[in-house]
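Hi everyone, thanks for making time this morning. I'd like to walk you through a few spots in this model, so let's bring it up on the screen.

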Amino acid sequence: MFVPLLIVRNACRHKLRTALTVTGIIVAITAFGLLRTIVDAWYAGANASSSARLVTRSSVSLVFPLPLTYADRIRRVSGVRSVSWAQWFGGVYVSERNFFPQFAVDAQSYLDMYPEFILTPAERKAFLTDRNGAIVGRKLADQYGWKVGDQIPLRGTIYPGTWTFNLRGIYDGAEKGTDQSTMYFHFDLLNETIKKLYPRRADTTGVFVVQLDDPAQAAEVSTAIDATFKNSLAETLTETEKAFQLSFVAMTEAILLAIQAVSFVVIVIIMAVMANTMAMTARERGAEYATLKALGFSNGFVAMLIFAESLGIALIGGIAAVVLTVPVANGFAEKMGTLFPIFFVSENTMLMQVVAAIAVGVVAALFPAWRTARVRIVDGLRAIG
């Protein structure tokens, strides 16, 4: 009991200094965790994607549509189990500030292809049978206070006019990483309206979603689909769902690198602050450590005291930061709305925070422990005289 008690008393000798150091570690490790969570949120869509699904789009750009007739030809490609399609809608709910993704989809095939969207049988049936029906994710419904049976008006931007949808279901995610901030409605409704207003834009879609028989055949099937439409007026680019999601992440790669760099810079800064604190502590206790050596305690024992104190302070701050990161991240996600559809502190991030705290404690104690261990007894006791 002597050693732990000695370490605790040493740490509490300058209460204000210790409290400020712990506070600094909490702030730094919490910031580190929040920044890492933001990076994770950017990749969440790609990480949650299925290896058994492909996305086929225009080889030129997503803004160029593909004919619906492509669906039957894709189905005939060997290795394809089923095909669905989706079209970005881009409507505005009340004001431009209320941004969230909306897609017109082939409802039956799309829901069959995405079993991670969990609806009750009654909600699923109501959605499939109501041409003006729509479903939204739980996060989106909670954000705007929607409930099943509500009418949701959207002002079209790409497709002008006011579009009113009947909310027939609120889906939950089968896993924590499932997107629950998107709205889906019937493609047929959109297509029929386009036929009346813009006949040339009818019977086209933005992307086809392809379900594979065997995920291991993704490369072969992708090549076969693109070869089918080679030299046509609308050539295609087929890639895995993950690669499709990562193509959007790549557009902001510089921002992600900057955020990751800042997250590590924060740790380096608090490491320097902690090292300065431990150096001051070791200097102040030079005579005490020399006395311990004179009583027969080894250099390793003295160094261990410094390491233990540094690690104790760092871990207290680190553990407190891990606990604090969750409510901070939840508050941040609430303020961001649907900007980050999937936003939560992962176990990997928490582990990185603990490792960062341990690293801060170890590195901060290295030089003071080494220097104190090397000081001769006579030099250390000279301050007493």
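Let's start in the loop between β3 (80-88) and β4 (102-105), where you'll find V94. Please keep in mind that this is a predicted model. V94 has a positive phi of about 70°, although it is not a glycine. Is V94 buried or exposed? With a relative accessibility of 68%, V94 counts as exposed, because the cut-off for that class is over 50%.

N231 is not a glycine, and yet its phi is positive, at about 65°. The relative accessibility of N231 is 69%, so this residue counts as exposed too.

Right, on to the helices. Which way does helix α2 run relative to helix α10? Helix α2 covers residues 15-47 and helix α10 covers residues 253-284, and their axes come within 9 Å of each other. The crossing angle is roughly 165°, and since angles over 145 degrees fall in that class, α2 is roughly antiparallel to α10. As for the handedness, α2 passes α10 in a left-handed crossing. If you colour the contact between α2 and α10 by residue class, you get 20 nonpolar, 6 polar and 3 charged residues.

Let's stay on α2 for a moment, because helix α2 is also where G33 is found. G33 has a relative accessibility of 0%, so it counts as buried. Which residues does G33 touch, once we leave aside its neighbours within four places in sequence? The answer is T325, T349 and Q353.

I'd like to pick out T349 from that set. G33 and T349 are 316 residues apart in sequence, yet their C-alpha atoms are 6.2 Å apart in space. T349 sits in helix α13, which spans residues 347-374. Like G33, T349 is buried, with a relative accessible area of 0%. And what does T349 contact beyond its neighbours within four places in sequence? There we have G33, R36, T37 and D40. Finally, have a look at the side chain: T349 and S346 are joined through their side chains by a polar contact of 3.0 Å.

Key:
Residues numbered from 1 in each chain as written. Predicted model: local features only at pLDDT ≥ 70, side-chain atom pairs only at ≥ 80, totals over all residues. Heavy atoms only, no water. Helix = DSSP H or I, 4+ residues; strand = E, 2+ residues; numbered from the N terminus. Buried < 20%, exposed > 50% of the residue type's maximum accessible area, 1.4 Å probe, protein only. Polar contact = N/O pair within 3.5 Å; in protein donor to acceptor, adjacent residues only side chain to side chain. Contact = heavy atoms within 4.5 Å. Axes fitted to C-alpha atoms, helices over the stretch in contact; angles between N-to-C directions. Parallel < 35°, antiparallel > 145°, perpendicular 65-115°, else oblique. Left-handed = near helix turned anticlockwise from the far one by under 90°. Nonpolar A, V, L, I, M, F, W, Y, C, P; charged D, E, K, R; others polar.
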